[in-house]
Amino acid sequence: MTQIWAHRGARAEAPENTLPAFELAIEQQADGVEFDVQFTADNELVVIHDETVARTTDGQGRVVAYSLAQLQRLDASAGKPEFAGVQIPTLAQVLEVLAPTKLELNIELKNSVEDYPGLEEAVVAMVAEFGLADRVVLSSFNHYSLKKLQSLGAPSPIGMLYSDPLYRPWRYAAKLGVDALHPPARYVTSARFVRKAHAAGLAVRPWIVNGERRLERTFRWGVDAVFTDYPARALALRDAVADVY
Ligand code: G3P
Ligand code: CA
């Protein structure tokens, strides 16, 4: 059965990558959550998607230019006034909320634009501190970073994010030695795609799957999980078609 993973938390209804978005995903009984990790100027791990703060907070400038204290003074309600005052959380704050649950966690290292030396080590150490390695999937668009995670002996499975139309991505991913494909949903076009990936030992988790038609066909094709902004909708649809797939 396809798992439903809340993309940046339940971000359609709560500010993305904030504690309320993760709490809502838990409440809605999502199977997992996805979120993005970066470094502050003082090398603290924070959960935020963009490399700049302008879109989701009332501040300006690069995430890495802020200390944690400065960053947490920003309002991260991301255009949702009912959440005014919500902060950008640290990775530790997010893990504290998720650790007591059964949810799977996909931690995306956001290190394709900013370099963030040491990000891999810091994330792996934090996951170990919370004893969550067996519920975590690590991913990145930066495939050098995926190799770095492997070289560190990171015990969590690794998902290969990509955004360009790779030819036979299961071959490249198998060569890279990762555990899953995390492709844009538009590239997962057939059951054959999923079969090929599975035959190469790879899980398939497309992003971002919001519409009912696309959700239904990914369920039918047997993808392992979908990242969605609407976990409640996806869960309801999955229940409705459970007898069929
Ligand atoms: O991990 C899936 C998805 O989150 C990747 O794209 O831009 O939302 O981080 P993005
Ligand atoms: Ca992400």
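**Salt bridges and a calcium site**

Guide: K110 and D36 form a salt bridge through their side chains, with N and O 3.9 Å apart (a salt bridge is a Lys or Arg side-chain nitrogen within 4 Å of an Asp or Glu carboxyl oxygen). K110 sits in the loop between β4 (104–109) and α4 (119–129), while D36 belongs to strand β2 (residues 32–39), so the pair ties together parts that are 74 residues apart in sequence. Helices (H or I, at least four residues) and strands (E, at least two) are DSSP runs, numbered from the N terminus.

Visitor: What kind of model is this, and how are residues numbered?

Guide: The model is predicted; local features need pLDDT of at least 70 and side-chain atom pairs pLDDT 80 or more, while totals for chains, interfaces and linings use all residues. Residues count from 1 along each chain as written, chains are lettered from A and ligands numbered from 1 in written order, and side-chain values use heavy atoms, without hydrogens and water.

Visitor: Is K110 buried or exposed?

Guide: Buried means under 20% relative accessible area, exposed over 50%, partly exposed in between (1.4 Å probe, protein chains only). K110 is buried because its relative accessibility is 10%, and D36 is buried at 0%.

Visitor: Which protein donors does the calcium ion (ligand 2) have?

Guide: Donors are N, O and S atoms within 2.8 Å of the metal (3.2 Å for Na, K and Ca); water is not among the atoms, so sites may look incomplete. Here the calcium ion (ligand 2) has E34 (OE), D36 (OD) and E108 (OE) as protein donors, at 2.1 to 2.2 Å. Along the chain the donors are spaced as E-x1-D-x71-E. E34 is buried, with 4% relative accessibility.

Visitor: Which residues are linked with R55 in a network of salt bridges?

Guide: The network links R55 with R8, R11, E16, D50 and D229.

Visitor: Where do E120 and K148 lie?

Guide: Their side chains form a salt bridge, 3.6 Å from N to O. E120 is in helix α4 and K148 in helix α5 (residues 143–151), so the pair ties together parts that are 28 residues apart in sequence. E120 is buried at 7% relative accessibility; K148, at 27%, is partly exposed.
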